[in-house]
Amino acid sequence: MIRNDLALSDNSVASSISTPANSDFCALIIGAGISGLCAAIAFEAVGIPYTIVERHNDLGGVWFENRYPGAACDVPSYLYSFSFAAYDWSRFFAGSSEIHNYLESVVDRHDIRRHIRFGLEVVETRFDEISGKWEASLIDANGTQQLMRANLLISGVGTFNKPRMPNIPGLEDFKGRSVHTARYPEEGMDLEGRNVILIGNGASAMQVAPAIADKVASLTIVQRTPQWAAPFPKFGKEIPGSLRRLLMEVPLYRLWYRLRLSWAFNDKLYEAVQQDPSWDGGGRSINAINDAHRAGLEAYIKSELGSSINLLPQVLPGYPPFGKRMLLDNGWFRTLAKKNVKLVTGSVVEAHATGVTTTDGKKHEADVLIWATGFDVVNLLAPMKVIGLGGRELHDDWNGDDARAYLGTVVPGYPNFFCLYGPNTQFGHGGSLITVLERQMHYVMSLVRQMLKKGATQIEVDKHVHDAYNEKVDSTHAGMVWTYPGVETYYKNSKGRVVVNNPFRILEYWQMTETADLTEFKMGRYALDPTETAVA
């Protein structure tokens, strides 16, 4: 892994791939966010024709959609970027606009834009067992339908793209502005002197509140349960010019800097999320290391509250650290201590013309409602329909929100379909999503290369291999913090199963995805018709 990160190893999957002669062998990528762009660059590097379809009129995925005040990434900029695409980052932790600019630069650097068709949404994909191709039904903004065909289908639709809005009675009667953070207008909103209610206290809310608190007349924050937030000393800090120059001018130093960051952010916390059966933490910690984290975090929270220590019962979680996604504190606790900020524990149960009512029966007046209520991350790929062999439908196979895939990437019954940022691919103890995506595409290219070398055009994971892997996922999760009694998190579906997080060490997943094993797959070949219109 170190040799790879320092570009010392021979990465054979980067060399060209020979596609079947006299054919229109190609790939269709759904989504022009980070996942889709990662796939496109991999195909571009080996010479496989591809097309990206994107429902928006711009690329970037979540970094195009999320423009709320304070929107930024809580993973270091030099980790939250492609290993093969250097960039002159201005801050240690980049904001939304800078990340979007980075993705634009990557697209232009790799000449990808000409392959993207904007304003097209995939409604349904169906595997044609006669031609051995995927057929995608698309619709544009005018309602015009189109059909595309491809041998390989890549889902790059992501997870944080379906805003979750609670069904609040009377919300239609509210006279002010009401907006979800993921739909915050790019031009912003005038919040000066306004009374604002912020619903939620997750990652988005923790960024919004400090960014607007000094502008608004009053800020009421409605939280259901308190969140753990760790110290964030480099929040908003600019990278010194001398370091920026060094990182850009000396490639080996940039790789080493990135490697050092990954080592610090990858598996260092893995032991802290393991349940110790002999540990009695009273529901507040799961092992001695986890308890030490709790003590440190609690001391930090107290120091941040200062004279507002009376807020401690409201902000100190009763569940173990890392039970929910660990957040980074960008001034959240100090914001709660401001005189014009009020923290309410409960939920919004009703809205009226001038505000909302919370579970304690109290009414709160507002000019603006900002909903930081998260996303539907467990109903993967919805509402897009994916239809595989024999007419089977992926969401039926997944029983709605119980998504499963081998290595989070391939599913039996769906040949040549690859799901990036699929089920159980997010790491709850560290790492960078982009690292995972690069590993997934590394694995996909290993599969495709070997498949074509064998003269096959179709590949499908064996069901027994898929099931055994997911049994291991579940049994490993059973001993981790997210399945600990009393822990509620968006990582789990309606059945209580963890479908978002990967339970293994990042190093283990890296090893699992290094080289595809063809004995775990079934292969076939279809006649390739050179007269059929290619998707690319």
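How are H6 and H7 oriented to each other? Let's start there, after a quick word on what we're looking at. This is a predicted model, where local features need pLDDT of at least 70, side-chain atom pairs count only at pLDDT 80 or more, and totals for chains, interfaces and linings use all residues. Residues are numbered from 1 along each chain as its sequence is written, and side-chain values use heavy atoms, with hydrogens and water left out.

Okay, the helices. When I say helix or strand, I mean DSSP runs numbered from the N terminus: H or I of at least four residues for helices, E of at least two for strands. The axes of helix H6 (residues 241-249) and helix H7 (residues 251-265) come within 5 Å and cross at roughly 110 degrees. Axes here are lines fitted to C-alpha atoms, for helices over the stretch in contact, and angles run from 0 to 180 degrees between N-to-C directions. H6 and H7 are therefore roughly perpendicular to each other; that label covers 65 to 115 degrees, while under 35 is roughly parallel, over 145 roughly antiparallel, and the rest oblique. On the H6 side, Leu243, Leu246, Leu247 and Glu249 make the contact, and H7 brings Pro251, Tyr253, Arg254 and Tyr257. Contact, by the way, means heavy atoms within 4.5 Å.

Next, the inside. In soluble globular proteins, nonpolar side chains tend to be buried together. In our model, the largest nonpolar core has 77 residues, and Phe43 and Met441 are among those with the most contacts inside it. A core is a set of buried Ala, Val, Leu, Ile, Met, Phe, Trp, Tyr and Cys residues joined through side-chain atoms within 4.5 Å. Buried means under 20% relative accessible area, exposed over 50%, and partly exposed in between, with a 1.4 Å probe and protein chains only. Helix H12 (residues 433-453) gives the most to this core, with 11 residues. If you click on Phe43, you'll find Met441 and Met445 among the residues that it touches, leaving aside residues up to four places away in sequence.

Now the sheets. Two strands pair if DSSP finds at least two bridges between them. Strand S4 (residues 120-128) and strand S5 (residues 133-140) pair in the antiparallel sense over eight bridges, and Val122 has Leu138 in S5 as its bridge partner.

The other open sheet has five strands, ordered S8-S17-S9-S10-S13, and the pairing is parallel. S8 and strand S17 (residues 368-371) share four bridges; His180 has Trp371 in S17 as its bridge partner.

Most residues other than glycine have a negative phi, and most peptide bonds are trans. So which peptide bond is cis here? That's the one from Ala382 to Pro383, with omega near 5 degrees. Pro383 is found in the loop between S17 and S18. Leu381 lies in the loop between S17 and S18 as well, and Leu381 has a positive phi near 70 degrees. Leu381 is buried, at 5% relative accessible area. Asp111 also has a positive phi, about 55 degrees, but Asp111 is partly exposed at 39%.
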